[in-house]
Amino acid sequence: MIIAQISDTHIALDSPDADRRIRDFERTIADINALDPAPDAIVHTGDIVHNGRQDEYAQAVATLAKARAPVYVLGGNKDNRANLRTAFAAGGYLSRDAEFIDYAIEDYPVRLIAVDTLSTASNKGDFCPERVRRLIGMIDAETAKPIALFAHHPPFEVTVGPDRLHFETPEMMARLRQALQHSGRVVAVFSGHVHRAAAGHIGSISATVMPSIATMLRRGEYPAHMKTRPLYYVHRFDPVWGFVTETRIVGTGPSTASPCESDAA
Ligand SMILES: [Fe+2]
């Protein structure tokens, strides 16, 4: 099971770097399409567009239509639930009526569960008791397979950067963390939002944050030759070892073994 994760493309049509954001997104999808072996699924962990506008979603949908693997999307704080739902309705996995954008995908050896951490009050995350109830319901709907959980806001404190807590209150984040540990079957949590690479944990569950695909919005220090190259994550699942994550630098091409890795015998 191979999942390509992308996040925080922030497609905008009238910002000074609008063209670059679109190009970052398109180059990333082209790079994912060239992966060998190909991923089983692509998950976008939110902030697909920057202003929640229909025309921005039309642009994002056009780019994602070029992806060869099935694509699943989450809402981020910059997304608009109604417009996102309409734009991605053709995928068939987003409920038309539900208040929240959350769902479980059952087509793979690892279940993919997406939760909705959006707040109407701020850019930070929220996780109300109703969302806990919905998450527990999705987790308990199947009791054999491991689960990869996707949430726009990371449910751990990211201690690098100016703001370590990405939920409105510690209690909201604690509710989500508790629900994630409820079954013992959630094996990894994948997030975006912070625009920088980070890793943490929720009990024994590993959790990561990926940088933004939009290179102008990416945080952290990068050498000059990498500043215009998007990064994304490839999560490969092994039944024994769980998820191993590779950071892909767009435009690098297929990885080749160094002399030290080759079999000298
Ligand atoms: Fe973002």
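Okay, Asp24 first: you'll find this residue in helix 1. Keep in mind that this is a predicted model. Asp24 is buried, and yet Asp24 has no salt bridge.

What does Asp24 touch, then, if we leave aside neighbours within four places in sequence? The contacts are Ile213, Ala214, Thr215, Met216, Thr228 and Pro230.

That takes us to Arg218. This one is in the loop between strand 9, residues 205–209, and strand 10, residues 231–238. Arg218 is another buried residue with no salt bridge. Which side chain of opposite charge is nearest to Arg218? Asp24 again, but at 7.5 Å. What the Arg218 side chain does reach is the backbone oxygen of Arg229, at 2.7 Å. And if you skip the neighbours within four places in sequence, Arg218 is in contact with His195, Pro211, Ser212, Met226, Lys227, Arg229, Pro230 and Leu231. Pro230, by the way, was also on the contact list for Asp24.

Now, the charges that do find partners. As a general point, side chains of opposite charge can pair when their charged atoms come close. How many salt bridges are there in this model? The count comes to 15. Let me walk you through a few.

Take Arg53 and Asp14, whose closest N and O atoms are 3.0 Å apart. This pair links distant parts of the chain, 39 residues apart. Arg53 is in the loop between strand 2 and helix 2, while Asp14 is in the loop between strand 1 and helix 1. Arg53 counts as partly exposed because its relative accessibility is 30%. Asp14, at 54%, counts as exposed.

Next up, Lys66 and Glu26, which meet in a salt bridge at 2.9 Å, N to O. Lys66 sits in the loop between helix 2 and strand 3, and Glu26 sits in helix 1, so this pair ties together parts that are 40 residues apart in sequence. Both ends come out as partly exposed: Lys66 has a relative accessible area of 49%, and Glu26 is at 31%.

Glu26 has another neighbour to mention, Gln59. Gln59 is in helix 2, residues 54–64. Not counting residues up to four places away in sequence, Gln59 touches Ile11, Leu13, Ile22 and Glu26. Is Gln59 buried or partly exposed? Partly exposed, because the relative accessible area is 22%, and buried would need under 20%. If you want a sense of distance, the C-alpha atoms of Gln59 and Arg218 are separated by 21 Å, and the two residues are 159 apart along the chain.

One more pair: Arg164 and Glu157 meet at 2.8 Å, N to O. Arg164 is partly exposed at 46% relative accessibility, and Glu157 is partly exposed at 35%. Then there's a group where salt bridges share partners, joining Arg81, Asp116, Asp126 and Arg131 into one network.

Okay, on to the backbone. Most residues other than glycine have a negative phi, and most peptide bonds are trans. Here are some exceptions. Asp8 has a positive phi of about 50°, though it isn't a glycine. Asp8 is in the loop between strand 1 and helix 1, and at 0% relative accessibility Asp8 counts as buried. His193 also has a positive phi, near 75°. You'll find His193 in the loop between strand 7, residues 186–191, and strand 8, residues 198–202. His193 is buried too, with a relative accessible area of 13%.

And where's the cis peptide bond? Between Asp36 and Pro37, with omega about 5°. Pro37 lies in the loop between helix 1 and strand 2.

Last stop, the surface. Which residues form the nonpolar patch there? Val240, Trp241 and Val244, with about 410 Å² of accessible area together. Val244 lies in strand 11, residues 242–249, and counts as exposed because its relative accessibility is 52%.

Terms used. Residues are numbered from 1 along each chain as its sequence is written. This is a predicted model: local features need pLDDT of at least 70, side-chain atom pairs count only at pLDDT 80 or more; totals for chains, interfaces and linings use all residues. Side-chain values use heavy atoms; hydrogens and water are left out. Helices (H or I, at least four residues) and strands (E, at least two) are DSSP runs, numbered from the N terminus. Buried means under 20% relative accessible area, exposed over 50%, partly exposed in between (1.4 Å probe, protein chains only). Lys and Arg count as positive and Asp and Glu as negative; His and the chain ends are not counted. A salt bridge is a side-chain nitrogen of Lys or Arg within 4 Å of a carboxyl oxygen of Asp or Glu. A polar contact is a pair of N or O atoms within 3.5 Å; within protein, one must be able to donate a hydrogen and the other to accept it, and residues adjacent in sequence count only if both atoms are side-chain atoms. Contact means heavy atoms within 4.5 Å. Patches are made of residues with over 30% relative accessible area and no salt bridge: like charges are joined within 9 Å, nonpolar side chains (Val, Leu, Ile, Met, Phe, Trp, Tyr) within 5 Å. Accessible areas come from the Shrake-Rupley method with a 1.4 Å probe; for residues, only the protein chains shown count as cover.
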